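Here's a quick tour for anyone meeting this structure for the first time. Have a look at it before reading on.

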Amino acid sequence: MSDTLVAIFPKLSLPVATGECYPRVTHSESFAKLYMKLFAKSADSRALDDTQLYPYPLQQSVYVKDFPCPSHILITMRDHFRQEFTFNQRVLRKAKVQVAAALQALNTALRDATIVTVHVRRTDYLAHVKNYYKQSPVKDVYYQRAFNFFRNRTHNPVFVVTSDDPEWCKNNFKDKDIVYAGGRDPVVDLAVLALGDHHIITDGTFGFSGAFLGKGIIVYPEPTGWPIYPCFKTPLLHPISRT
């Protein structure tokens, strides 16, 4: 895991544990249960909106066995994560070339546009959302609402789309301010998403990760499968109905 991440994010300062720690010896726990333990341990000692890093307060290390994406908690520490997860220059250059080519196709200069990156997760997630989260996949109306959200609030928005189903996007997004900029390298696509001034995402942690490493507002479909922690209030996360 460390070798894979460092090749993409060379500035990582995270310590690397030995193989024995994961997961044979370490106690496994769902993130929701671990969060409640951490919350109970720390609630009396600091404010809920405190973004300062503190030592791990529990006596036992825990292997998180599921796939948490606690967006409302993570967003309060966005700047810290962006410093840790800085893309290497090769990936960043390729991502910038893809965005520049997309804007050129619309005859739009980067300095004149508000870049809104859009991640459309389909393929395996169409069935996964139904089976695992008991929800319907996002419909076309979600995208239109999300596009209009930024059209009504930003200057000259250009929607730069990446997806695991590029043909669907090209066939369904026909507006003149929408362009496809995805490629064949998911790491570069992740960096493309992070280059946006704002972001529109669908289901899955890939889209959120790219948007999280960017800046500005993240529009997401509600309800989602992510744990939502309403005690963390932020204008940077904006839900829009998925149907």
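## About the model

This is a predicted model, where local features need pLDDT of at least 70, side-chain atom pairs count only at pLDDT 80 or more, and totals for chains, interfaces and linings use all residues. Residues are numbered from 1 along each chain as its sequence is written, and side-chain values use heavy atoms, with hydrogens and water left out.

## The sheet

Six strands form an open sheet in the order β5-β4-β3-β6-β7-β8, with parallel pairing. Strands here are DSSP runs of E with at least two residues, helices are runs of H or I with at least four, and both are numbered from the N terminus; two strands pair if DSSP finds at least two bridges between them. At the edges sit β5 (178-180) and β8 (237-241), each pairing on one side only.

## A tucked-in helix

Seven of the nine residues of α9 (residues 186-194) are buried, so the helix is largely enclosed by the rest of the structure. Buried means under 20% relative accessible area, using a 1.4 Å probe and protein chains only. Those buried residues pack against α5 (89-105), β3 (114-120), β4 (157-163), β6 (198-200) and α10 (205-212), with contact meaning heavy atoms within 4.5 Å.

## The cores

A nonpolar core is a set of buried Ala, Val, Leu, Ile, Met, Phe, Trp, Tyr and Cys residues joined through side-chain atoms within 4.5 Å. The largest one has 31 residues, and F9, F87, V158, V160, F208 and I218 touch the most other members. α5 gives the most to this core, with six residues. A second, separate core has 19 residues, including V116 and Y142.

Methods: Buried means under 20% relative accessible area, exposed over 50%, partly exposed in between (1.4 Å probe, protein chains only).
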